[in-house]
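The following note sets out points for a colleague reading the model alongside its sequence. Please consult the structure while going through them.

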Amino acid sequence: MSAANQLAALIANMFATGLLDDQFQQLQMLQDPSAPNFVSEVVTLFCHDGERIIGELAKLLDKPTVDFDRVDAFVHQLKGSSASVGALKVKNTCIQFREFCQQKSKDGCLKTLETVRINFYELRGKFQTMLQLERQVNGFPPNN
Amino acid sequence: MAAVASETPFHVLAVDDSLPDRKLIERLLKTSSFQVTTVDSGSKALQFLGIHDDDASTVSVHAHQLQDVAVNLIITDYCMPGMTGYDLLKKIKESSSLRDIPVVIMSSENIPSRINRCLEEGADEFFLKPVRLSDMSKLKPHILKSRCREHYEQEQQHQQSDSNSNDCSSPTNKSSSSDSSRKRKAEDNEEILPQKNRPRHS
């Protein structure tokens with residue numbers, strides 16, 4: 001299968017499995033010759049941002065007394081950026097996460113953090129493949 | 001979508017603490033032919049606009065002189081650490097030099113009391129995030145409306161300095177340096193001004 005076909009199949013699969021929603025299509029619509037790397041730039045920023053936030057959440061939830069307001073603030077940030085890039089599954093996990101924050105349930109938060117982590121890294125992996133394939137489609141050899 | 005405008009494009013100041021969101025709003029605005037400046041906090045927004053947030057109401061003249069690039073609209077996220085979008089909105093409306101710049105608030109949360117609070121404080125529009133391309137078409141009317149009002153006010157001030165007799169309503173309604181109510185809605189001024197034969201921009 002050509003890189004272009006693989007790319008199309010990957011993206012279609014991400015939509016079909018609920019990883020992405022139509023906000024991602026909005027991003028694709030915003031990419032054009034005047035901004036040819038827009039999608040990869042936003043996706044990359046989201047991945048870095050998400051990793052940072054997950055790290056902060058892990059630290060906050062590792063304390064004997066948890067500051068649920070701070071946890072909630074970080075989850076709100078991740079929910080916001082995942083909504084902006086169309087990361088549906090991660091966004092929905094964040095919504096659940098916020099409920100545990102409201103309930104001040106450390107247990108619930110820790111469990112949901114694990115789910116967020118799994119979902120986020122699953123998405124990140126696919127985004128990385130997507131960006132690789134895009135590079136190939138644009139005529140660059142695959143990385144490493 | 002290239003800008004075919006024969007004059008300088010409108011300049012929007014976008015405020016958001018989230019980096020991916022800033023990237024998105026910048027692209028949305030540029031695609032819609034706006035010139036864009038992005039900042040990551042309310043205090044940086046105020047700095048860019050030429051006012052210091054501790055004495056917003058008094059530094060008006062200074063602000064005019066500092067602002068080399070006019071800002072035609074401010075779009076800001078609501079939830080930001082430190083100064084929220086609502087706090088920023090209030091500072092802008094308290095500033096005699098900035099209060100006529102239309103302000104749009106963005107939020108990922110659909111909370112009616114929050115939306116009303118912002119509109120009552122003078123926000124011209126409220127966008128639910130994620131913001132989409134279709135939302136961009138709502139911005140220009142606010143810019144044109146405020147420019148129309150501005151031109152009209154300038155016209156009035158010229159007329160007042162020229163003649164004694166005047167068929168306009170009293171100066172305090174339009175003067176930008178007056179202490180108008182902080183809860184003034186954007187629409188109120190339009191109703192106070194007499195209906196001359198000027199084109200109405202919706």
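1. Chain B contains an open sheet of five strands in the order β2-β1-β3-β4-β5, with parallel pairing; two strands pair if DSSP finds at least two bridges between them. The edge strands, each pairing on one side only, are β2 (35-39) and β5 (125-128) of chain B. From one strand to the next the twist averages 20°. Axes here are lines fitted to C-alpha atoms, for helices over the stretch in contact, and angles run from 0 to 180 degrees between N-to-C directions.

2. The model is predicted: local features need pLDDT of at least 70 and side-chain atom pairs count only at pLDDT 80 or more, whereas totals for chains, interfaces and linings use all residues. Residues are numbered from 1 along each chain as its sequence is written, chains are lettered from A and ligands numbered from 1 in the order in which they are written, and side-chain values use heavy atoms, with hydrogens and water left out.

3. Strand β1 (residues 11-15) of chain B pairs with β2(B) in the parallel sense over five bridges. Within this pairing, Leu13(B) has Thr37(B) in β2(B) as its bridge partner. Helix α5 (residues 112-120) of chain B packs on the sheet and touches β4 and β5 of chain B, its direction making about 150° with that of β5(B). Helix α4 (residues 85-94) of chain B lies across β1, β3 (73-77) and β4 (103-107) of chain B, and runs at about 175° to β4(B).

4. As to the composition of the chains, chain B has eight helices and five strands, and its pattern along the sequence is β-α-β-α-α-β-α-β-α-β-α-α-α. Chain A has six helices and zero strands. Helices (H or I, at least four residues) and strands (E, at least two) are DSSP runs, numbered from the N terminus. The C-alpha atoms of chain A fill a box of roughly 55 × 30 × 25 Å along the principal axes.

5. Of the 202 residues of chain B, 46% count as buried, and buried residues make up 45% of the 144 residues in chain A. Buried means under 20% relative accessible area, with exposed over 50% and partly exposed in between (1.4 Å probe, protein chains only). Among contacts (heavy atoms within 4.5 Å) in chain B between residues at least 6 apart in sequence, 67% join residues at least 24 apart. In chain A, residues 24 or more positions apart account for 65% of the contacts with a separation of 6 or more.

6. Is Leu123(A) buried or exposed? Leu123(A) is buried, because its relative accessible area is 0%. This residue belongs to helix α6 (residues 106-137) of chain A. Apart from neighbours within four places in sequence, Leu123(A) is in contact with Met14(A), Leu19(A), Leu20(A), Phe46(A), Ala87(A) and Val90(A). The C-alpha atoms of Leu123(A) and Lys89(A) are separated by 8.7 Å, although the two are 34 residues apart along the chain.

7. His76(A) is placed in helix α4 of chain A and counts as buried, at 14% relative accessibility. Leaving aside neighbours within four places in sequence, His76(A) is in contact with Arg98(A) as well as with Cys79(B), Ser108(B) and Glu109(B).

8. The second largest pocket has a volume of about 330 Å³. Of its 19 lining residues, the closest to its centre are Ala73(A), His76(A), Gln77(A), Asp17(B) and Cys79(B). Helix α4 (residues 68-85) of chain A gives the largest share of the lining, seven residues. By class, the lining divides into five nonpolar, seven polar and seven charged residues; Ala, Val, Leu, Ile, Met, Phe, Trp, Tyr, Cys and Pro count as nonpolar, Asp, Glu, Lys and Arg as charged, and the others, Gly among them, as polar.

9. How many cavities of 30 Å³ or more does a search of the whole structure find? The search finds three. On a 1 Å grid over the protein atoms alone, a cavity is a set of points where a 1.4 Å probe fits but cannot get out, and a pocket is an open set with protein on both sides within 12 Å along at least five of seven lines; lining residues have an atom within 4 Å of a point. Grid points are joined across faces, edges and corners, and a volume is the space filled by probe spheres set on the points.

10. The largest cavity has a volume of about 60 Å³. Its lining includes Ser84(A), Asp16(B), Met106(B) and Lys129(B). Helix α1 (residues 19-31) of chain B provides the largest share of this lining, four residues. The lining divides into six nonpolar, one polar and three charged residues.
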